[in-house]
Amino acid sequence: VGFCAGAFSAFSFQRIGPFLSRTINLQDTCGVNSLHGMPGILGAIVSIIAIAMSNSQGFPSDYFPKVAAGGSLGDQCAAQAYALLTTLGIAVAGGL
């Protein structure tokens, strides 16, 4: 996952950053979106998929907070997705 995130970050610097600058006039002078944003989104999506596919095998019973509280792996995946959306919302609001 780390190698893919690094490659995605480099691709974002080369292609996505200039594209966003041309299309929506996004001014990311320090490359924060490419260095932290894009790999972070990739990591969040991979974690949701990994949790969904794990079937709790190899993890202690209290490892996932939603499962420990009596929920399912689907509930934990939903919590991960909501956390991603919340983070994106805060990032967009902070960038305005």
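Student: What share of the 96 residues in the protein is buried?

Tutor: Burial is about how much of a residue stays accessible; the cut-off for buried is under 20% relative accessible area. In this predicted model, buried residues make up 19% of the 96 residues.

Student: Which secondary structure elements does the protein have?

Tutor: Count helices and strands, then read their order. The protein has 4 helices and 0 strands. Along the sequence the pattern is α-α-α-α. The radius of gyration is 16 Å, well over the 12 Å that the globule rule gives for 96 residues, so the protein is more spread out than a compact globule.

Student: What does the C-alpha trace span along its principal axes?

Tutor: About 45 × 30 × 20 Å.

Student: How much of the accessible surface belongs to carbon and sulfur atoms?

Tutor: Take the total, then the share. The accessible surface of the protein comes to about 6,600 Å². Carbon and sulfur atoms account for 66% of that surface.

Student: Which residues form a nonpolar patch on the surface?

Tutor: Ile45, Ile49 and Met53. Together they have about 320 Å² of accessible area. Take Ile49 as the example: isoleucine 49 lies in helix α2.

Student: Where is serine 54 found?

Tutor: In helix α2. Apply the burial test again. Serine 54 has 12% relative accessibility, so it counts as buried.

Student: Which backbone oxygen does the side chain of serine 54 reach?

Tutor: For a polar contact, check the distance between N or O atoms; the limit is 3.5 Å. The side chain of serine 54 reaches the backbone oxygen of isoleucine 51 at 3.0 Å.

Student: Which residues is serine 54 in contact with, leaving aside its neighbours within four places in sequence?

Tutor: Phe59, Phe64 and Leu73.

Student: Where is the place of asparagine 25?

Tutor: Asparagine 25 is in the loop between α1 (2-24) and α2 (32-54). Check the backbone angle there. Phi of asparagine 25 is near 60°, a positive value in a residue other than glycine. Then check accessibility. Asparagine 25 counts as exposed, because its relative accessibility is 54%.

Student: How far apart are lysine 66 and glutamine 80 in sequence and in space?

Tutor: Compare two separations, one along the chain and one through space. Lysine 66 and glutamine 80 are 14 residues apart in sequence. C-alpha to C-alpha, they are 10 Å apart in space. Lysine 66 is found in helix α3 (residues 65-68). With a relative accessible area of 41%, lysine 66 is partly exposed. Leaving aside neighbours within four places in sequence, lysine 66 is in contact with Gly71, Asp75, Gln76 and Ala79.

Student: Back to the whole protein. Among contacts between residues at least 6 apart in sequence, how many join residues at least 24 apart?

Tutor: Such contacts are sorted by sequence separation. In this protein, 43% of the contacts between residues at least 6 apart join residues at least 24 apart.

Notes. Residues are numbered from 1 along each chain as its sequence is written. This is a predicted model: local features need pLDDT of at least 70, side-chain atom pairs count only at pLDDT 80 or more; totals for chains, interfaces and linings use all residues. Side-chain values use heavy atoms; hydrogens and water are left out. Helices (H or I, at least four residues) and strands (E, at least two) are DSSP runs, numbered from the N terminus. Buried means under 20% relative accessible area, exposed over 50%, partly exposed in between (1.4 Å probe, protein chains only). A polar contact is a pair of N or O atoms within 3.5 Å; within protein, one must be able to donate a hydrogen and the other to accept it, and residues adjacent in sequence count only if both atoms are side-chain atoms. Contact means heavy atoms within 4.5 Å. The radius of gyration is taken over C-alpha atoms; the globule rule is 2.2 Å times the number of residues to the power 0.38. Accessible areas come from the Shrake-Rupley method with a 1.4 Å probe; for residues, only the protein chains shown count as cover. Patches are made of residues with over 30% relative accessible area and no salt bridge: like charges are joined within 9 Å, nonpolar side chains (Val, Leu, Ile, Met, Phe, Trp, Tyr) within 5 Å. A salt bridge is a side-chain nitrogen of Lys or Arg within 4 Å of a carboxyl oxygen of Asp or Glu.
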